[in-house]
Number of protein chains: 8
Amino acid sequence: MNITEVEKLLIEVRDGEKSIEKALNQLKNFPYTDLGFARIDNHREIRTGYPEIIYCAGKTVTQVRDIFHAMLESENNIMGTRANSEMYEAVKSAVPDAIYYPEARIISLQKKNAERPASRIAIITAGTSDIPVAEEAAVTAELLGNNVVRIYDAGVAGIHRLVDKLPEIRSCRVIIVIAGMEGALASVVGGLVDIPVIAVPTSVGYGANFGGISALLAMLTSCSSGVTVVNIDNGFGAGFSASMINRMK
Amino acid sequence: MNITEVEKLLIEVRDGEKSIEKALNQLKNFPYTDLGFARIDNHREIRTGYPEIIYCAGKTVTQVRDIFHAMLESENNIMGTRANSEMYEAVKSAVPDAIYYPEARIISLQKKNAERPASRIAIITAGTSDIPVAEEAAVTAELLGNNVVRIYDAGVAGIHRLVDKLPEIRSCRVIIVIAGMEGALASVVGGLVDIPVIAVPTSVGYGANFGGISALLAMLTSCSSGVTVVNIDNGFGAGFSASMINRMK
Amino acid sequence: MNITEVEKLLIEVRDGEKSIEKALNQLKNFPYTDLGFARIDNHREIRTGYPEIIYCAGKTVTQVRDIFHAMLESENNIMGTRANSEMYEAVKSAVPDAIYYPEARIISLQKKNAERPASRIAIITAGTSDIPVAEEAAVTAELLGNNVVRIYDAGVAGIHRLVDKLPEIRSCRVIIVIAGMEGALASVVGGLVDIPVIAVPTSVGYGANFGGISALLAMLTSCSSGVTVVNIDNGFGAGFSASMINRMK
Amino acid sequence: MNITEVEKLLIEVRDGEKSIEKALNQLKNFPYTDLGFARIDNHREIRTGYPEIIYCAGKTVTQVRDIFHAMLESENNIMGTRANSEMYEAVKSAVPDAIYYPEARIISLQKKNAERPASRIAIITAGTSDIPVAEEAAVTAELLGNNVVRIYDAGVAGIHRLVDKLPEIRSCRVIIVIAGMEGALASVVGGLVDIPVIAVPTSVGYGANFGGISALLAMLTSCSSGVTVVNIDNGFGAGFSASMINRMK
Amino acid sequence: MNITEVEKLLIEVRDGEKSIEKALNQLKNFPYTDLGFARIDNHREIRTGYPEIIYCAGKTVTQVRDIFHAMLESENNIMGTRANSEMYEAVKSAVPDAIYYPEARIISLQKKNAERPASRIAIITAGTSDIPVAEEAAVTAELLGNNVVRIYDAGVAGIHRLVDKLPEIRSCRVIIVIAGMEGALASVVGGLVDIPVIAVPTSVGYGANFGGISALLAMLTSCSSGVTVVNIDNGFGAGFSASMINRMK
Amino acid sequence: MNITEVEKLLIEVRDGEKSIEKALNQLKNFPYTDLGFARIDNHREIRTGYPEIIYCAGKTVTQVRDIFHAMLESENNIMGTRANSEMYEAVKSAVPDAIYYPEARIISLQKKNAERPASRIAIITAGTSDIPVAEEAAVTAELLGNNVVRIYDAGVAGIHRLVDKLPEIRSCRVIIVIAGMEGALASVVGGLVDIPVIAVPTSVGYGANFGGISALLAMLTSCSSGVTVVNIDNGFGAGFSASMINRMK
Amino acid sequence: MNITEVEKLLIEVRDGEKSIEKALNQLKNFPYTDLGFARIDNHREIRTGYPEIIYCAGKTVTQVRDIFHAMLESENNIMGTRANSEMYEAVKSAVPDAIYYPEARIISLQKKNAERPASRIAIITAGTSDIPVAEEAAVTAELLGNNVVRIYDAGVAGIHRLVDKLPEIRSCRVIIVIAGMEGALASVVGGLVDIPVIAVPTSVGYGANFGGISALLAMLTSCSSGVTVVNIDNGFGAGFSASMINRMK
Amino acid sequence: MNITEVEKLLIEVRDGEKSIEKALNQLKNFPYTDLGFARIDNHREIRTGYPEIIYCAGKTVTQVRDIFHAMLESENNIMGTRANSEMYEAVKSAVPDAIYYPEARIISLQKKNAERPASRIAIITAGTSDIPVAEEAAVTAELLGNNVVRIYDAGVAGIHRLVDKLPEIRSCRVIIVIAGMEGALASVVGGLVDIPVIAVPTSVGYGANFGGISALLAMLTSCSSGVTVVNIDNGFGAGFSASMINRMK
């Protein structure tokens with residue numbers, strides 16, 4: 001039930017088309033509808049215009065398909081993250097308009113497009129192996145209504161690659177820096193700009209990288225002011241937070 | 001050397017009061033002046049109007065005093081973080097206008113005040129023991145030119161305390177959530193608002209808190225979208241990032 | 001050797017029927033075969049109300065089948081945890097009355113049913129991915145003779161979902177809270193009720209979740225009183241402890 | 001906003017006394033100020049049987065004294081945990097009836113005493129060094145209205161010491177086991193009884209004890225069913241949870 | 001080249017059948033012969049009569065087969081640990097007398113049998129899942145010339161199972177205790193006997209067991225004197241050390 | 001109550017000087033006598049002739065003194081480990097015959113001396129900083145009735161120092177190797193001898209030594225067979241286990 | 001912008017050809033486009049003696065092939081590390097001259113060969129399982145223009161194996177020591193030579209080896225001077241650094 | 001026993017002057033007293049160009065003084081690391097020529113000075129707090145006979161500071177980079193030069209710095225080739241290794 005539905009309910013009450021009792025009962029279940037195995041949060045929509053987010057990784061193919069199908073009637077956009085292609089095939093059979101971004105592992109059902117502000121989000125990766133996480137961030141930000149500048153493979157081992165792009169990076173409103181291994185790129189970028197930097201450590205690497213811990217710790221202890229951090233490989237979270245900042249009025 | 005000094009230099013060159021050679025030599029040392037033990041970065045000022053930041057924790061009382069004294073001629077504001085009262089006494093003897101915020105452990109020399117935007121930063125703590133970190137964030141944000149709403153001791157063990165404050169919290173532009181122990185407050189706040197949340201884990205607690213690790217991990221793995229994290233006890237970093245977002249145009 | 005045997009030994013010594021040397025030798029093993037341990041055997045008999053528990057994960061299919069088969073003549077119920085369907089097929093061939101709960105991964109052979117008390121156990125999960133652990137807890141509790149209330153997918157990112165269910169939750173005698181990622185649900189529930197909460201961290205998540213460590217630490221450091229914790233993914237242990245409390249007289 | 005207020009709102013809409021727009025705005029804050037949270041306030045009142053708990057460790061002497069003083073007019077008992085003697089002296093000057101339990105590090109102001117149930121809580125420690133944590137648990141349980149049986153220094157290195165006490169331990173309704181080092185006592189006790197065991201790891205020990213981690217992990221992975229765990233050194237939490245179970249009706 | 005070969009060489013020198021130069025050249029390569037990819041240590045044999053040990057886990061099937069084949073001419077027994085059945089098939093094709101112990105994952109080529117002392121080694125496991133590690137220890141000890149008493153599935157959750165076996169356990173000269181999860185069995189056994197205990201933590205378990213770390217830490221911090229520890233799952237190491245002690249004169 | 005006291009009791013029973021009832025009551029409390037805060041284990045004596053061991057680190061000066069005093073009448077030797085000089089002064093005032101080994105931090109009250117076997121225990125340290133732990137091991141072994149060979153400061157950085165001592169080391173029956181930092185000495189010694197090696201990691205070092213973890217892990221993963229490990233800095237445990245092996249018949 | 005451009009700017013200001021405002025804007029980007037970074041580009045050209053390095057592990061087969069193909073026209077040698085045979089097949093189809101070193105997992109396209117200095121690099125492994133990492137180091141060093149001495153399977157458990165090779169090892173200019181498990185070989189080699197030692201911990205082993213951590217920590221805390229460390233399994237890094245040192249003039 | 005002794009032994013056997021049995025016994029100790037180890041002693045003599053190194057941290061003031069005094073007659077220089085001023089006062093009383101470098105915490109007794117090569121070692125720190133570690137490295141390198149270029153406080157948060165110094169850095173033969181917090185400076189420097197970089201993580205920082213672990217991991221996982229790492233705060237080790245490389249011929 002979204003905001004226009006609540007409005008419709010109130011109009012029906014006003015116009016005597018719906019009894020107080022029936023309206024109360026409908027409102028009681030207002031924040032979510034029950035699918036049995038998963039309670040879907042429609043409430044967010046009222047507050048934000050954001051799409052419904054489904055974290056697919058811990059779910060079965062059938063569960064993912066059913067959740068998309070159940071949401072079909074809602075006016076919200078729907079976004080499934082950490083989705084594999086098998087999930088997408090299942091969703092598509094039930095929801096033909098769904099689109100899949102394989103590198104970003106996102107299934108999207110876009111019902112309406114938010115207006116995009118002129119300001120942009122820069123997404124910088126240290127290496128090519130960080131691109132899947134970067135694409136998760138980029139597609140998330142784009143689906144949430146943002147323009148994205150992609151600058152990939154600009155790690156500190158070849159810091160000059162970054163220098164060329166500085167004017168473009170500085171023209172953005174928020175920066176996402178994605179790096180595995182020693183994660184130094186976040187500090188370097190943070191030291192060169194005066195724009196909020198959201199750092200995403202990736203699990204790319206081996207040995208003392210420990211699945212992203214070394215990059216995570218490096219980013220958390222960054223000497224550069226203005227750097228905040230999200231979970232390892234959490235491209236979605238970075239894209240979501242960046243969108244919040246970029247779409248601020 | 002700050003931006004007005006560069007401007008002055010260019011004017012002198014234009015007016016024939018300074019030779020090209022002399023100007024070049026001055027510009028060569030442009031980004032910083034050398035104090036022997038510490039190279040102070042004046043360069044930031046040009047880009048930002050932010051104060052000079054001195055991390056005092058790893059320095060001797062004498063070093064802190066000398067750095068403040070050496071910066072006296074600059075037009076920038078100066079901020080010393082993690083400063084104890086002994087450091088302040090030494091600084092004050094050399095720089096009488098310096099002010100000390102004991103709970104925030106910040107020494108400030110404010111030469112000019114930035115215009116404060118109408119939008120505000122909410123700072124929420126889980127417990128009273130988190131207040132020193134919160135004050136570091138709050139004073140940082142205020143010195144950087146922001147209005148701050150303090151909501152202390154509103155942890156999830158008594159979640160109703162938070163509910164009362166929701167309208168005020170939602171009226172802010174960015175939220176800093178500060179919590180030790182299990183750090184759940186960040187997730188709870190993140191689930192209730194559509195505003196960027198910067199989470200600060202604190203080392204408050206004992207046992208399996210492991211000096212802030214439990215709160216740090218909880219915040220990084222928060223299920224609520226829109227939450228980013230800074231280092232354990234890093235009130236300054238949170239205040240700085242929040243200021244960047246709050247002062248955005 | 002029990003107390004009456006010691007008495008008999010002393011009488012034999014007194015009456016000269018047993019030499020000092022022989023008596024000394026018998027007493028040498030005294031402390032570990034005494035009353036306490038004798039009582040253990042009775043204790044096992046008293047305990048027979050409980051089912052025999054077989055932890056299947058570290059065993060071969062053949063071992064699991066054989067253990068079930070060997071226990072067939074006992075009057076106890078039998079419960080195999082962490083059992084896969086292949087194990088069940090093997091058990092079923094030898095013990096046709098065995099039942100399998102696939103989501104809970106439990107094989108059960110119920111020979112008699114305990115009387116169920118009126119009081120109930122609430123089982124709450126943060127997400128749908130936590131359901132397998134929750135089902136392990138729920139089926140365990142049910143097989144041990146308890147009524148269970150399942151409230152799934154009620155995590156803190158949408159805390160309002162929990163609020164609806166509060167009256168039902170509060171009507172239970174003990175609560176099991178199951179959550180991965182930041183595990184904040186345990187603290188939130190613990191802050192809203194005055195009922196013992198058993199928290200189960202799950203390995204659901206990625207990155208800084210570290211296989212359940214973040215949830216585990218968060219639950220251990222919970223600011224809410226009345227929360228105790230079991231091992232990561234240990235639905236069985238939570239169900240067992242909850243049953244102990246719920247079936248108390 | 002509670003359910004009758006929502007009903008009133010709908011009636012006003014129906015009767016044309018409230019515009020759709022105004023109603024929508026009011027409903028916007030609906031989920032967080034609804035029945036559930038209204039119930040929380042009642043809930044706090046019901047809850048007043050419990051004392052107010054103040055965690056003193058992260059607070060100044062002055063803060064502790066002021067909190068005790070401010071609560072003086074409430075009808076609740078007050079309990080300050082992790083309090084040192086200096087804090088007590090300050091509290092006592094403001095609240096003369098306050099009592100200090102130095103080994104338990106608890107300041108108590110008991111305004112009324114709860115009726116004590118006949119059932120008891122057993123508190124068992126592995127060594128003498130675990131006694132401060134045990135006393136925190138014991139005094140907490142006693143102040144919350146329970147009878148406690150103390151069995152100290154009964155670790156597994158001399159397991160026969162435990163055997164003597166088994167009848168007394170088994171006569172209790174809930175057991176708290178407190179142990180540092182390898183924490184094996186929790187498993188041993190758990191294997192000998194059919195009563196809920198709350199295990200408290202302590203930071204007692206050295207080397208690979210790692211400030212209580214070895215005992216914590218051992219307790220979490222206990223093979224004995226019916227064992228749940230609280231934070232390292234968290235005698236208060238164990239006493240509180242044990243009291244909840246022991247005082248159940 | 002073993003001790004009898006050195007003796008033979010010396011006899012040949014004495015008898016003038018071998019020149020000094022030739023003898024020197026032979027002795028030069030005395031400690032090992034070169035296989036190209038692996039230098040096999042024959043030297044041990046001189047010192048000890050122990051078999052050659054091949055750790056197979058990090059080797060290819062071909063490498064394992066070739067090493068066994070190359071050693072065929074030596075008089076030493078050969079033992080391959082952590083060997084899978086595929087490796088055995090390959091070895092067997094080249095060395096038909098090789099025997100495989102599948103549960104212990106050991107390939108053995110026994111050329112001569114050491115005389116077995118009367119004293120025995122007790123091997124106790126906490127659960128059935130620990131048996132593969134126990135068998136590695138047991139077969140190792142037997143191949144090294146020891147009699148072994150196997151006592152499996154006697155964990156602390158059912159401590160009475162252990163009590164029955166105490167007289168037999170106490171009659172042994174050294175004890176190996178093998179346990180996963182909380183590893184408490186080592187402390188319990190250590191508290192009941194005055195015989196050296198070698199503890200082997202196993203990776204059996206899940207969650208906070210962390211691949212054997214909880215058992216390892218518990219064993220290292222055991223309160224019982226006389227307990228020493230080997231690596232997680234290191235049945236071979238425990239069997240080897242126990243054999244050293246048991247075969248002492 | 002020790003074995004001769006039990007014998008005396010039986011004689012009194014035989015001779016009619018003690019009633020069955022009184023004898024039973026005495027035997028009931030057989031394993032320990034209660035000091036209030038600490039139950040002292042006399043039971044060990046019966047089994048072993050080993051001294052009473054008191055771990056002093058977690059106790060107050062008064063507690064240590066009282067325990068020594070209470071044990072004065074027992075025939076056992078008494079050994080207090082991790083004792084500081086203040087504890088010794090207190091013990092000495094109550095028990096004038098007590099002796100203090102300051103480097104080993106051991107207080108000893110030797111009532112009778114065990115016969116020393118001809119075989120010896122070698123104690124080897126990597127550096128001079130490991131000596132306090134080595135002395136704890138050495139004094140423990142000596143008080144338990146063993147001859148000790150001390151070889152200090154023979155670390156692998158100068159491996160030739162070890163070579164000189166090999167004949168002496170090989171003449172011992174068991175070896176204790178004590179090393180901090182990378183703990184490589186245990187592997188090197190283990191590779192050069194065919195004697196049981198008990199390795200003691202020490203917390204000596206800094207940085208990635210992590211309080212002894214690096215040495216601990218290195219010793220646990222030693223490639224040399226015949227190496228077992230005790231807790232970090234646990235000189236006592238090594239000395240005790242070595243004594244068990246050295247005094248074997 | 002380089003120094004002559006700054007000079008030109010100043011001249012234009014002096015000559016009134018450029019406004020103060022325009023000059024200020026140009027100078028704003030001054031620090032990051034200055035001499036230093038201009039020099040970086042020259043620096044890359046100088047650097048072309050080194051091959052292009054492609055870390056293949058995080059890339060798709062197609063990406064690896066395309067990168068090789070795109071670089072075909074460059075004069076540089078190309079080296080792909082962590083490449084599997086499937087990647088090689090793809091590369092070979094596009095770049096027929098590419099060569100594969102399967103044990104080292106390196107694809108190489110050698111366009112010109114550097115002159116090899118007379119001095120050599122010794123590569124020593126503890127076991128046969130360390131050979132893949134050693135081969136990565138060896139092939140890297142050889143492709144970078146060095147002669148390599150391979151000494152494999154010379155671990156400390158049989159330290160005499162190393163002794164034979166000491167003269168050859170000492171004749172090298174730099175040593176790479178590769179070891180898993182306890183990593184003691186680095187310390188032992190470091191104690192026997194006066195040549196720089198680069199230590200490579202490997203993930204070979206099990207249990208408390210923790211994927212190479214034990215070897216890593218042991219190498220970092222090595223008591224032998226002159227030992228530096230690279231990441232776990234990082235044969236490439238060791239070979240690269242050793243080449244830098246060996247090819248020094 | 002060296003090779004000529006073995007030859008002599010064989011001749012004696014041939015000539016009947018030595019029995020087979022006696023010869024066998026002598027050969028038993030052959031591998032460890034052979035050529036290799038004999039060579040070690042010569043090797044130590046060759047090595048005397050290096051100073052004697054005393055790690056003072058784990059020693060008493062008296063021990064440090066006595067070691068210096070005992071070494072007085074040797075021709076070697078002596079260097080005591082991690083020495084406090086109290087140790088120096090004691091040393092000075094016995095060895096008046098000893099010199100103390102308080103920031104580096106080094107006591108030096110320089111008897112002869114090595115000839116310094118023209119090439120230099122650059123030592124770069126990220127912050128002023130890293131200077132004590134840098135001075136330990138610098139003084140070590142100088143005492144070992146090297147010229148050092150100190151570049152302090154050039155961290156990545158202000159990367160432009162580094163750029164100025166690049167020509168000077170590139171003119172050195174080896175670089176030591178010292179950084180705490182995120183340790184990114186090592187990667188940045190490594191990406192800008194083609195000179196061996198020895199990275200020293202420092203324990204400077206707080207929170208997720210974990211005593212230097214974040215910097216250590218970042219340096220180990222550096223994407224820049226040519227970077228090797230020493231232990232946290234190990235300025236001495238870095239200076240020693242750098243000297244080895246810088247003084248190479």
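# Briefing: Salt Bridges, Helices and a Sheet

A:Arg82, A:Arg105 and A:Glu136 are linked in a network of salt bridges, a salt bridge being a side-chain nitrogen of Lys or Arg within 4 Å of a carboxyl oxygen of Asp or Glu. Over all chains, the structure holds 64 salt bridges. This is a predicted model, in which local features need pLDDT of at least 70, side-chain atom pairs count only at pLDDT 80 or more, and totals for chains, interfaces and linings use all residues. Residues are numbered from 1 along each chain as its sequence is written, chains are lettered from A and ligands numbered from 1 in the order in which they are written, and side-chain values use heavy atoms, with hydrogens and water left out.

**Individual salt bridges**

- D:Glu135 and D:Arg150 form a salt bridge, and their closest N and O atoms are 2.7 Å apart.
- This pair ties together parts that are 15 residues apart in sequence, because D:Glu135 lies in helix 6 (residues 131-143) of chain D and D:Arg150 in strand 6 (residues 147-151) of chain D. Helices (H or I, at least four residues) and strands (E, at least two) are DSSP runs, numbered from the N terminus.
- D:Glu135 counts as buried at 12% relative accessibility, whereas D:Arg150 is partly exposed with a relative accessible area of 35%. Buried means under 20% relative accessible area, exposed over 50%, and partly exposed in between (1.4 Å probe, protein chains only).
- In chain E, a salt bridge of 3.9 Å, N to O, joins the side chains of E:Glu168 and E:Arg120. The pair links distant parts of the chain, 48 residues apart: E:Glu168 is in helix 8 (residues 166-170) of chain E and E:Arg120 in strand 7 (residues 120-125) of chain E.
- E:Glu168 is partly exposed at 33% relative accessibility, and E:Arg120 is partly exposed with a relative accessible area of 26%.
- In chain F, the closest N and O atoms of the salt bridge between F:Arg65 and F:Asp66 are 3.0 Å apart. F:Arg65 counts as partly exposed at 30% relative accessibility, and F:Asp66 counts as partly exposed at 27%.

- Helix 11 (residues 235-246) of chain A has 12 residues and reaches 16 Å from its first C-alpha to its last, close to the 16 Å expected at 1.5 Å a residue. The expected span of a helix is 1.5 Å times one less than its number of residues.
- Helix 11 of chain A is mostly covered, with 12 of its 12 residues buried. Among them are A:Gly235, A:Phe236, A:Met244 and A:Asn246.
- Helix 11 (residues 235-246) of chain D should span 16 Å, because it has 12 residues at 1.5 Å a residue; its end C-alpha atoms are 16 Å apart, which agrees.
- Helix 11 of chain D is also mostly covered, with 12 of its 12 residues buried, including D:Phe240, D:Ser243 and D:Ile245.

**A sheet in chain C**

- An open sheet of 4 strands in chain C has the order 1-2-4-3, with mixed pairing. Two strands pair if DSSP finds at least two bridges between them.
- Strand 1 (52-55) and strand 3 (99-101) of chain C are the edge strands, each pairing on one side only.
- Neighbouring strands of this sheet are turned by 20° against each other on average, direction ignored. For such angles, axes are lines fitted to C-alpha atoms, for helices over the stretch in contact, and angles run from 0 to 180 degrees between N-to-C directions.
- Strand 1 of chain C runs parallel to strand 2 (residues 78-81) of chain C, and 4 bridges join them. C:Ile54 stands opposite C:Gly80, which is in strand 2 of chain C.
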